[in-house]
Amino acid sequence: MSAIENHFPHDYREARHAFIAAAEANDLGVTSRLHPSEKGADGKPLFLDTTTIGARDAKTALLLISGTHGVEGYFGSGVQTGLLREGLAQRAPRGAKIVLLHALNPYGFSWDRRVNEDNADINRNFPDFKNPPKNDAYDELREAIELTGLSREAMKAANAVLRAYSDKHGAFKLQEAISAGQYRHPHGVYFGGQRASWSHLMLKDVFREELKGVNRLVAIDFHTGLGESGAAEMITEDLPGSDAYKRASAMWGNVQSSEAGESLSPPLQGTVDQAVTQWMKGKELTFAALEVGTKPTRDVFTAIRRDNWLHQNAQPNDPDWPGVKREIRDAFYVDTPEWKRSVWGHAMKAVDGALAAIA
């Protein structure tokens, strides 16, 4: 066993190589789905990779997803690689399988962005595109949410508008207005897209291929950015009292429903959870996001807005580029041994609970 912090990568390319090497060291095959058009920040191809532990025809499965929000992949990838290195292949319960999906949004992972090549947030990219949800509050606040520049003056003026909205409606309503998801402004933040993204289609393909025939599924989607640094929350979109919520509570202890207002996250639109719920209709699904904290919410939001402005208005040779990219990476990945050990512990608890439940 190596030091826990050594499981976590320095960038997408290292993350992918480590994941594949760990799978192959366990005599596991890897299925690689090549992005047909985009390249990484290093100019090389991008992939969504999966490996499966256990019988492919198993009816019970555990799905572990990393990199839904690209730059958050440092955490999820580190957990997946570490699990493989430390014996996950020997822990699959008899009659069940474990599917590890590495880098659902490889573009965002490589370029240190939450969003994909279309500026779409993959965890908002599963709505009814013919009748997408409305977000009137975002429309109202759009000019303040989407920065006009990176200057202190521009940020100060925009923040004054948001602060006034928060004073009138409350901080949580402001958070909901900004981050619930919006479908009208392709250059804005938390944009859910206007079509099914490549990542959306590839996740559907994983269900068609690696999870075909599964009638009992537990899924954990690894996320970062909300909460105190190093703390964790298991977020479900199921309501208290529902069977899925009861299963999640039995599995992980203290779960928080975003739909019931229990969570750090507001209710979201067009999520992966909502899509999987439809794909698993009539079957047993227990889905949760493991959210681990990084920086204060204000710092995370600032980094998202600045990164959004950068990719709409600048190129990698722009003098502002390196600083903004460091800022957003730091907002979603605390690159210290202490933080990595803390979030590793939360991930192990979540995975252990899931494995016990499918045994």
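Start by selecting helix α10 (residues 297–313): with 3 residues, α10 gives the largest share of the lining of the largest cavity. Helices here are DSSP runs of H or I with at least four residues, strands are E runs of at least two, and both are numbered from the N terminus. This is a predicted model, so local features need pLDDT of at least 70 and side-chain atom pairs count only at pLDDT 80 or more, while totals for chains, interfaces and linings use all residues. Residues are numbered from 1 along each chain as its sequence is written, and side-chain values use heavy atoms, with hydrogens and water left out.

Now show the rest of that lining: R113, R114, V115, N119, G188, V189, Y190, I304, D307, N308 and I328. A cavity is a set of points, on a 1 Å grid over the protein atoms alone, where a 1.4 Å probe fits but cannot get out; a pocket is an open set with protein on both sides within 12 Å along at least five of seven lines, and lining residues have an atom within 4 Å of a point. Colour its lining by class and you get 5 nonpolar, 3 polar and 3 charged residues.

Next, go to the largest pocket, with a volume of about 970 Å³. It has 49 lining residues, and Q175, S179, Y190, L226 and T297 are the closest to its centre. Among the elements giving two or more residues to the pocket lining are α5 (152–169), α6, β8 (284–293) and α10. Highlight β5 for the largest share, 8 residues. By class, the pocket lining splits into 19 nonpolar, 18 polar and 12 charged.

Then pick helix α4 (residues 136–145) and helix α6 (residues 171–179), which pack at an angle of about 85° with their axes 9 Å apart. That makes α4 roughly perpendicular to α6 (the label covers 65 to 115 degrees). For the contact (heavy atoms within 4.5 Å), show A137, Y138, L141 and I145 of α4 against L174, A177 and I178 of α6. Those residues divide into 7 nonpolar, no polar and no charged.

Last stop: R16, in helix α1 (residues 12–25). Is R16 buried or exposed? R16 is buried, with a relative accessible area of 11% (buried means under 20%, exposed over 50%, with a 1.4 Å probe and protein chains only). Leaving aside residues up to four places away in sequence, R16 touches S32, F47, D49 and H102.

Note on methods
Ala, Val, Leu, Ile, Met, Phe, Trp, Tyr, Cys and Pro count as nonpolar, Asp, Glu, Lys and Arg as charged, and the others, Gly among them, as polar. Axes are lines fitted to C-alpha atoms, for helices over the stretch in contact, and angles run from 0 to 180 degrees between N-to-C directions. Angles under 35 degrees count as roughly parallel, over 145 as roughly antiparallel, 65 to 115 as roughly perpendicular and the rest as oblique. Grid points are joined across faces, edges and corners, and a volume is the space filled by probe spheres set on the points.
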